[in-house]
Amino acid sequence: MIEVNGMAHVILTVSSWEKAHAFYGELLPFLGLKKVFDGNNFLYHVGGRTAVGIQRCAPEHEGLRFEQNRVGLHHFCLRARTREDVDKAAEKVRSIGGRIDRGPLEGAWAPGYYFFVFEDPDGIRLEVNYIPGKGLLASDPPLNPSSDPDWDQNAGPPRF
């Protein structure tokens, strides 16, 4: 067994390159990530033990929108250090034209879970959350977010 040291990077392929480039070019530095590459087809920021890359899609996919429940990415979440940071990030997303789906608000996923979910210009869903302490790993065995083996996070009101 090994223990990973965080998530190294996530690369998002976008269909609205100019809009996404502007959106992430403002959001990622606000979240403490430093720009390390900015080209005609790829934008890359690093910080907080991870990196986020934005990649232009192939020409035949330009103008398509992200669909959350298709095979592939559902959403990805960045962890904030405080509840106040979640609020500040939500304010920033609003100020640059991101669509906030829900929050900031408290969720039942883990004790103290505080979050907001938003969409980038292509509709790619992201989340910023804060969980005090060790979250689901605060006890042994870990906390279970649902006791229902048929739980579907997409059924009913969204949980995150």
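Visitor: In strand 8, which residue is the bridge partner of Leu 78?
Guide: In this model, which is predicted, the bridge partner of Leu 78 in strand 8 is Val 128.

Visitor: What makes strand 5 and strand 8 a pair of strands?
Guide: Two strands pair if at least two bridges are found between them, and four bridges join strand 5 to strand 8, so these strands count as a pair. They run parallel.

Visitor: Which residues form the covered face of strand 5, and which the uncovered one?
Guide: Phe 76 and Leu 78 make up the covered face of strand 5, while Cys 77 and Arg 79 make up the uncovered one.

Visitor: What makes strand 6 and strand 7 a pair?
Guide: Here too at least two bridges are needed, and strand 6 and strand 7 have five, in the antiparallel sense, so they count as a pair. Ile 100 stands opposite Phe 118 in strand 7.

Visitor: What kind of peptide bond joins Gly 103 and Pro 104?
Guide: The bond between Gly 103 and Pro 104 is a cis peptide bond, with omega about 0°, and Pro 104 is found in strand 6, which covers residues 99–106.

Visitor: Why is one side of strand 1 and of strand 2 left without a neighbour in the sheet?
Guide: These strands belong to an open sheet of four strands, with the order 1-4-3-2 and mixed pairing. Strand 1 and strand 2 (34–38) stand at its edges, each with a single partner strand, and so one side of each has no neighbour in the sheet.

Visitor: What joins strand 2 to strand 3?
Guide: Four bridges join them, and the two strands run antiparallel; one of the residues taking part is Lys 34, whose bridge partner in strand 3 is Val 46. A hairpin also links strand 2 to strand 3, through three residues.

Visitor: What makes strand 2 hardly covered?
Guide: A residue is buried when its relative accessible area is under 20%, and among the five residues of strand 2 the count of buried residues is zero.

Visitor: Why does Arg 49 count as exposed?
Guide: Exposed means over 50% relative accessible area, and Arg 49 has 59% relative accessibility, so it counts as exposed. Arg 49 lies in the loop between strand 3 and strand 4, and its phi is near 60°, a positive value in a residue other than glycine.

Visitor: What span does helix 1 reach, and what span is expected?
Guide: From its first C-alpha to its last, helix 1, with 14 residues, reaches 20 Å, which is close to the 20 Å expected at 1.5 Å a residue. Helix 1 lies across strand 1, strand 2, strand 3 and strand 4, and runs at about 15° to strand 3. Gly 32, whose phi is positive, near 95°, follows helix 1.

Visitor: Which residues of helix 1 are buried, and what covers them?
Guide: The buried residues of helix 1 are Trp 17, Ala 20, Phe 23, Tyr 24, Leu 27 and Leu 28. Among the elements that cover them are strand 1, strand 4, helix 2 and strand 8. An α-helix has 3.6 residues a turn, so residues three or four places apart point the same way.

Visitor: Which residues touch the most other members of the largest nonpolar core?
Guide: They are Tyr 24, Ile 54, Phe 116 and Phe 118, in a core of 29 residues. The largest share of this core, six residues, comes from helix 1. Ile 54 touches residues including Leu 12, Trp 17, Tyr 24 and Phe 42, when residues up to four places away in sequence are not counted. A second, separate core has six residues, among them Trp 109 and Phe 115.

Visitor: What average pLDDT does the protein chain have, and where does pLDDT stay under 50?
Guide: The protein chain averages a pLDDT of 89, and 91% of the residues score at least 70. Over residues 156–160, however, pLDDT stays under 50, and there the model has 15 contacts beyond four places in sequence.

Note on methods: Residues are numbered from 1 along each chain as its sequence is written. This is a predicted model: local features need pLDDT of at least 70, side-chain atom pairs count only at pLDDT 80 or more; totals for chains, interfaces and linings use all residues. Side-chain values use heavy atoms; hydrogens and water are left out. A nonpolar core is a set of buried Ala, Val, Leu, Ile, Met, Phe, Trp, Tyr and Cys residues joined through side-chain atoms within 4.5 Å. Buried means under 20% relative accessible area, exposed over 50%, partly exposed in between (1.4 Å probe, protein chains only). Contact means heavy atoms within 4.5 Å. The expected span of a helix is 1.5 Å times one less than its number of residues. Axes are lines fitted to C-alpha atoms, for helices over the stretch in contact, and angles run from 0 to 180 degrees between N-to-C directions. pLDDT is the predictor's confidence in each residue, from 0 to 100.
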